[in-house]
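Thank you for making the time this morning.

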There are 2 protein chains.
Amino acid sequence: MGFKTIDYENDKLKIIDQRRLPGKFIIIECNRLKDVYNSIKTLAVRGAPAIGVFAAYGVCVGLKGTKTSDREKFFLHLNKIVEYLKESRPTAVNLFWALDRMKAIACKNKDKSTIQIKKILIKEAKCIHKEDEMMCKAIGINGARLIRSGDKILTHCNAGALATAGSGTALSVIYRAKQEGKRIAVYADETRPLLQGARLTAWELNKRKIDVTLICDNMAGSLMKQGLIDKIVVGADRIAANGDAANKIGTYGLAVLAKEHKIPFYVAAPSSTFDFTLKTGKDIPIEEREPREVRRFAGVDTAPKAIKVRNPAFDVTPSRLITAIITEKSVFKKPYGRSLEKVKG
Amino acid sequence: MGFKTIDYENDKLKIIDQRRLPGKFIIIECNRLKDVYNSIKTLAVRGAPAIGVFAAYGVCVGLKGTKTSDREKFFLHLNKIVEYLKESRPTAVNLFWALDRMKAIACKNKDKSTIQIKKILIKEAKCIHKEDEMMCKAIGINGARLIRSGDKILTHCNAGALATAGSGTALSVIYRAKQEGKRIAVYADETRPLLQGARLTAWELNKRKIDVTLICDNMAGSLMKQGLIDKIVVGADRIAANGDAANKIGTYGLAVLAKEHKIPFYVAAPSSTFDFTLKTGKDIPIEEREPREVRRFAGVDTAPKAIKVRNPAFDVTPSRLITAIITEKSVFKKPYGRSLEKVKG
């Protein structure tokens with residue numbers, strides 16, 4: 001990709017500070033557990049898969065200073081780290097998935113020395129990282145089959161290389177289609193309030209020489225009506241057992257518009273995004289973020305300070321509006337019924 | 001209202017500079033025709049009805065320096081002024097309506113002296129201004145009948161006092177309902193790219209002590225799905241003979257979402273907004289504004305500079321999605337057929 005969203009070398013965890021893109025390309029090093037927590041909380045690193053990989057490494061960062069050889073103390077500490085990091089963002093299930101996986105591998109090796117367990121945890125985090133790269137590639141391959149040369153594709157937020165440790169989810173489909181020689185044009189919603197579409201998606205598509213046009217979120221309907229959108233591809237932060245998908249706020253509105261215009265609406269996400277403990281999307285907790293993200297724009301106040309604000313970071317798209325869910329394993333088409341359970345295997 | 005959007009006293013045309021709200025409340029004086037043109041073009045004054053009133057006064061400003069008593073020269077000059085101002089914005093039909101009305105009254109009095117015609121034109125502009133105030137009031141009264149106590153109303157862009165010379169169109173309905181003792185809560189879309197909802201609607205509703213909550217444009221669908229919106233009321237910049245209505249970009253998307261959620265969708269606009277020369281909305285010209293409005297904000301780049309942008313200022317909502325059109329004369333309900341022709345009377 002020409003950049004590494006997440007990098008872990010010589011016990012050093014580094015990320016691109018996505019809050020500063022596209023104006024500045026800054027790498028930050030997370031040396032303390034608090035840095036890891038804040039990087040997730042303040043969106044220096046974002047995107048469900050990337051958060052998972054980053055949190056796994058975050059466990060290693062949190063354990064770095066732990067010199068104890070007492071296993072009980074070690075596991076108490078590990079537990080605290082995991083619970084603390086789980087607090088950083090409530091919606092992306094990949095965060096919990098990765099943290100639980102780290103905890104599980106430690107438990108499985110609980111009879112080994114704490115030094116050995118720490119090594120195993122680093123290995124596991126690297127494994128999650130590697131799997132994420134492979135997952136992105138596989139999603140690209142699976143999804144590209146749905147794309148035709150000449151397609152004009154709308155995407156929302158950033159489900160690209162910056163949202164994963166690989167080439168992305170929704171954008172991986174686009175990268176792969178391009179690689180296969182298909183002509184693709186992309187419309188990127190700017191994605192208020194934090195402008196991940198304008199700042200990140202436009203930036204990475206431009207870097208990869210994909211034909212990209214930026215629009216405001218409220219222009220998507222008009223473009224669809226004019227026949228300028230052939231397909232919509234977005235990512236997801238959590239998918240319930242029935243296929244209802246939580247993704248960046250605004251995704252649901254696009255899905256309704258897609259239905260009105262008979263445009264295929266695809267969700268691209270790794271199997272780690274599925275949460276089979278939730279029957280439907282109604283049970284997905286939606287993060288409400290700070291009012292000032294809405295009240296200000298690019299550091300400038302845009303509304304009277306006293307004004308009330310709603311700022312849900314995500315919405316839930318019911319599975320009936322999702323034409324297909326593209327995973328690294330296969331493409332699931334609606335109606336989903338119990339078919340989605342196959343991603344477990 | 002506590003403020004005058006447009007003021008003409010002692011031959012001086014003054015407006016609130018809406019580009020600076022809500023941070024700064026600045027009155028600008030337009031002494032030259034070029035000031036009038038630029039004020040419309042750069043949105044110092046905006047909102048279809050306000051543009052009409054302002055342009056009528058603008059004709060008077062343009063004629064101020066004309067000392068000629070030669071009627072032919074006078075009319076040539078008047079014609080130039082009218083054609084020049086018509087170039088300022090292509091979509092709002094009230095602009096053309098007001099300018100044509102000014103020209104017509106001059107033509108009707110073409111045998112009078114140029115000094116007299118100038119006086120008649122000032123009188124006509126003041127008459128358009130006064131009519132606009134009355135129109136706003138009447139729209140409020142007609143529209144408030146559709147509003148129940150307890151309603152949560154979504155609005156888009158600014159169709160308020162700042163968009164007219166009176167109390168607004170869509171917001172006049174809300175002000176009137178409140179005045180009648182109804183409990184009303186308003187959700188205001190921020191309305192990218194120029195944030196008229198955040199900057200202007202939130203500001204004026206707050207000033208009038210209406211319960212207002214600001215949201216990003218892409219949140220509207222999620223709120224509707226949660227049952228938080230009972231009604232949608234917006235303005236219009238041009239309405240075709242069949243009821244198709246052009247309004248701020250994003251309006252169409254809201255209308256589709258309203259249909260999906262079975263929420264009444266109302267357009268409030270004066271009869272001067274109707275353009276019976278256009279059979280349907282397909283014929284309404286849509287202004288495409290500068291890319292930098294989307295790419296930057298308040299001097300801050302929000303996307304890579306090289307990125308392509310679409311920036312249509314308006315979209316067209318088909319009449320089948322509009323529950324009713326609220327005018328100063330009466331409320332028209334769909335299906336419209338030829339019923340809208342009654343606004344001519």
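In what sense do strand β6 of chain A and β14(B) pair, and over how many bridges? Before I answer, please keep in mind that this is a predicted model. Strand β6 of chain A, residues 211-215, pairs with β14(B) in the parallel sense, and the pairing runs over two bridges. If you look along that pairing, you will find A:Leu214 standing opposite B:Val309, which lies in β14(B). For background, strands of a sheet pair through backbone hydrogen bonds, and they do so either parallel or antiparallel.

Now let me turn to the sheet that carries β6 of chain B. This is an open sheet of eight strands with mixed pairing, and its order is β14(A)-β6(B)-β5(B)-β4(B)-β7(B)-β10(B)-β16(B)-β17(B).

Next, the contact between the chains as a whole. It draws 55 residues from chain B and 56 residues from chain A, and together the two chains bury about 4300 Å², of which 64% is on carbon and sulfur atoms. As for the polar side of the contact, there are 23 residue pairs in polar contact between chain B and chain A, counting pairs with both residues at pLDDT 80 or more. On the chain B side, the elements that give two or more residues include α7 (196-207), β6 (211-215), α8 (220-225) and β14 (308-309), while α9(B) gives the most, with six residues. Sorted by class, that side of chain B has 30 nonpolar, 13 polar and 12 charged residues.

The count of salt bridges between chain B and chain A is eight. One of them links B:Glu260 with A:Lys259, where the closest N and O atoms are 2.6 Å apart.

Finally, how are the two copies related? Chain B can be laid on chain A with an RMSD of 0.2 Å by a turn of 180 degrees and a shift of 0.0 Å along the axis. The two copies are therefore related as by a two-fold rotation axis. The same surface serves both copies, since 100% of the contact residues of chain B recur in chain A.

Definitions and conventions. Residues are numbered from 1 along each chain as its sequence is written. Chains are lettered from A and ligands numbered from 1 in the order in which they are written. This is a predicted model: local features need pLDDT of at least 70, side-chain atom pairs count only at pLDDT 80 or more; totals for chains, interfaces and linings use all residues. Side-chain values use heavy atoms; hydrogens and water are left out. Contact means heavy atoms within 4.5 Å. Buried area is the accessible area (1.4 Å probe) that two parts lose on being put together, summed over both. A salt bridge is a side-chain nitrogen of Lys or Arg within 4 Å of a carboxyl oxygen of Asp or Glu. A polar contact is a pair of N or O atoms within 3.5 Å; within protein, one must be able to donate a hydrogen and the other to accept it, and residues adjacent in sequence count only if both atoms are side-chain atoms. Helices (H or I, at least four residues) and strands (E, at least two) are DSSP runs, numbered from the N terminus. Ala, Val, Leu, Ile, Met, Phe, Trp, Tyr, Cys and Pro count as nonpolar, Asp, Glu, Lys and Arg as charged, and the others, Gly among them, as polar. Two strands pair if DSSP finds at least two bridges between them. Copies are superposed by least squares on the C-alpha atoms of residues with pLDDT of at least 70 in both.
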